[in-house]
Amino acid sequence: MSWQDLVVLHGHLFTNPNKRTYSAQEVAIAYQIMNAHDGTDVKDTGCSSCRRSTFARVRKIILKQT
């Protein structure tokens, strides 16, 4: 599945910048979107700082897409 398809299906989960908690499924989707878009293979290590930057990156990807 391409990153564009993932954004269309799940982009609504990441558009609220005030959301602070995410389920495990949402975290996995965010990493899928970022990895598919950037061509990387970054894995979730549980690091809160890394997750914050991942969600910020996904928001930027979504904003550019729309």
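A salt bridge is a side-chain nitrogen of Lys or Arg within 4 Å of a carboxyl oxygen of Asp or Glu. Keep that rule at hand for the tour. The model is predicted, so local features need pLDDT of at least 70, side-chain atom pairs count only at pLDDT 80 or more, and totals for chains, interfaces and linings use all residues. Residues are numbered from 1 along each chain as its sequence is written, and side-chain values use heavy atoms, with hydrogens and water left out.

**Stop 1: the salt bridges**

How many salt bridges does the rule give? The count comes to four. Visit three of them.

Select R51 and D44. Their side chains meet in a salt bridge, 2.7 Å from N to O. Now check how open each one is. Buried means under 20% relative accessible area, exposed means over 50%, and partly exposed lies in between (1.4 Å probe, protein chains only). R51 is partly exposed at 28% relative accessibility. D44 is partly exposed too, at 34%.

Select R57 and D38. This salt bridge is also 2.7 Å, N to O. R57 lies in helix α3 and D38 in helix α2, so the pair ties together parts that are 19 residues apart in sequence. Helices here are DSSP runs (H or I, at least four residues), numbered from the N terminus. R57 has a relative accessible area of 26%, which makes it partly exposed. D38 is partly exposed as well, at 32%.

Select K19 and E26. Their side chains form a salt bridge of 3.0 Å, N to O. Which of the two is buried, and which is partly exposed? E26 counts as buried, at 12% relative accessibility. K19 is partly exposed, with a relative accessible area of 25%.

**Stop 2: helix α1**

Colour residues 3-10, which are α1. Its buried residues are W3, L6 and V7. They cover an arc of only 100 degrees around the axis, which puts them on the same side of α1. The arc is that of the directions from the helix axis to the C-beta atoms. What do these buried residues pack against? They pack against α2 and α3. Contact, here and below, means heavy atoms within 4.5 Å.

**Stop 3: helix α2**

Move to residues 24-38, which are α2. At 1.5 Å a residue, its 15 residues should span 21 Å, and its end C-alpha atoms are 21 Å apart, which agrees. The expected span is 1.5 Å times one less than the number of residues.

Just after α2, click G39, which takes a positive phi of about 75 degrees.

**Stop 4: helix α3**

Select residues 48-65, which form α3. Its 18 residues should span 26 Å at 1.5 Å a residue, and the end C-alpha atoms are 26 Å apart, which agrees.

Which residues of α3 are buried? They are T54, F55, V58, R59, I61 and I62. Seen down the axis of α3, they fall within an arc of 160 degrees, so they line one face of the helix. Their cover includes α1 and α2. Turn to the other side, where R52, K60, L63 and K64 are exposed.

Zoom in on T54. This residue is buried, with a relative accessible area of 3%. Its side chain reaches the backbone oxygen of C50 at 2.9 Å. Leaving aside neighbours within four places in sequence, T54 is in contact with A30, Y31 and M34.

**Stop 5: R59**

Stay in α3 and select R59. R59 is buried yet has no salt bridge. How far away is the nearest side chain of opposite charge? That side chain is E26, 10.0 Å away. For charge, Lys and Arg count as positive, Asp and Glu as negative, and His and the chain ends are not counted.

What does the side chain of R59 make a polar contact with? Its partner is the side chain of Y22, at 3.1 Å. A polar contact is a pair of N or O atoms within 3.5 Å; within protein, one must be able to donate a hydrogen and the other to accept it, and residues adjacent in sequence count only if both atoms are side-chain atoms. Not counting residues up to four places away in sequence, R59 touches F14, N16, P17, K19 and Y22.

**Last stop: L13**

Select L13, in the loop between α1 and α2. L13 is partly exposed, with a relative accessible area of 22%. Not counting residues up to four places away in sequence, L13 touches K19, Y22, E26 and I29.

Notes
Helices (H or I, at least four residues) and strands (E, at least two) are DSSP runs, numbered from the N terminus.
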